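Hello,

Here is the structure I promised to pass on. Please open it and keep it beside you while you read the notes below.

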Amino acid sequence: KSIMDEYNQSHGDALELMPGNAYSLSGIVYTSTKEYQNMSLSINTSSLKDRHSYAIPVKIKPASLLHY
């Protein structure tokens, strides 16, 4: 089972993962000195189906796991 299937089952929902070519995230820079962070999300609606609900997958890793 995928994480999306598990989410939908536990929340009684029918979300679909948004296709990767339908969105882009940018400007994501985390600094531990701020409580909130800004980012930009652009969505290309031409590749989305009408009357569907989509989820955008986002995973946040602890800074200690990042490799520079």
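**Asn-8 and its contacts**

Leaving aside neighbours within four places in sequence, Asn-8 is in contact with Asp-13, Ala-14 and Leu-15. Contact here means heavy atoms within 4.5 Å. The side chain of Asn-8 also reaches the backbone oxygen of Leu-15, at 2.8 Å. Asn-8 sits in helix α1, residues 3-11. Is Asn-8 buried or exposed? Asn-8 is buried, because its relative accessible area is 11%. The cut-offs are these: buried is under 20% relative accessible area, exposed is over 50%, and partly exposed is in between, with a 1.4 Å probe and protein chains only.

**Before you go on**

This is a predicted model: local features need pLDDT of at least 70, side-chain atom pairs count only at pLDDT 80 or more, and totals for chains, interfaces and linings use all residues. Residues are numbered from 1 along each chain as its sequence is written, and side-chain values use heavy atoms, with hydrogens and water left out.

**The whole chain**

The protein chain has 1 helix and 4 strands. Their order from the N terminus is α-β-β-β-β. Helices (H or I, at least four residues) and strands (E, at least two) are DSSP runs, numbered from the N terminus. The chain has 68 residues, and buried ones make up 12% of them. Its accessible surface comes to about 6200 Å², and carbon and sulfur atoms hold 53% of that. These areas come from the Shrake-Rupley method with a 1.4 Å probe; for residues, only the protein chains shown count as cover. Take the contacts with a separation of 6 or more: residues 24 or more positions apart account for 46% of them.

**Ser-10**

Ser-10 is also in helix α1. With 57% relative accessibility, Ser-10 counts as exposed. A polar atom of its side chain lies 3.2 Å from the backbone oxygen of Tyr-7. The side chain of Ser-10 makes a polar contact with the side chain of His-11 at 3.1 Å. A polar contact is a pair of N or O atoms within 3.5 Å; within protein, one must be able to donate a hydrogen and the other to accept it, and residues adjacent in sequence count only if both atoms are side-chain atoms.

Ala-55 lies in strand β4. Ala-55 is buried, at 16% relative accessibility. Which residues does Ala-55 touch, not counting those up to four places away in sequence? They are Met-4, Leu-15, Glu-16, Leu-17 and Met-18.

The loop between β3 (40-43) and β4 (54-55) holds Arg-51. Arg-51 is exposed, with a relative accessible area of 81%. Its phi is near 65 degrees, a positive value in a residue other than glycine. Leu-48 is in the loop between β3 and β4. Leu-48 is partly exposed, at 21%. Beyond four places in sequence, its contacts include Met-18, Ile-43 and Tyr-54.

**A pocket**

The second largest pocket has a volume of about 170 Å³. Its lining includes Ser-2, Met-4, Leu-17, Ala-55 and Lys-59. A pocket is an open set of points on a 1 Å grid over the protein atoms alone, where a 1.4 Å probe fits, with protein on both sides within 12 Å along at least five of seven lines; lining residues have an atom within 4 Å of a point. The volume is the space filled by probe spheres set on the points, which are joined across faces, edges and corners.

Best wishes
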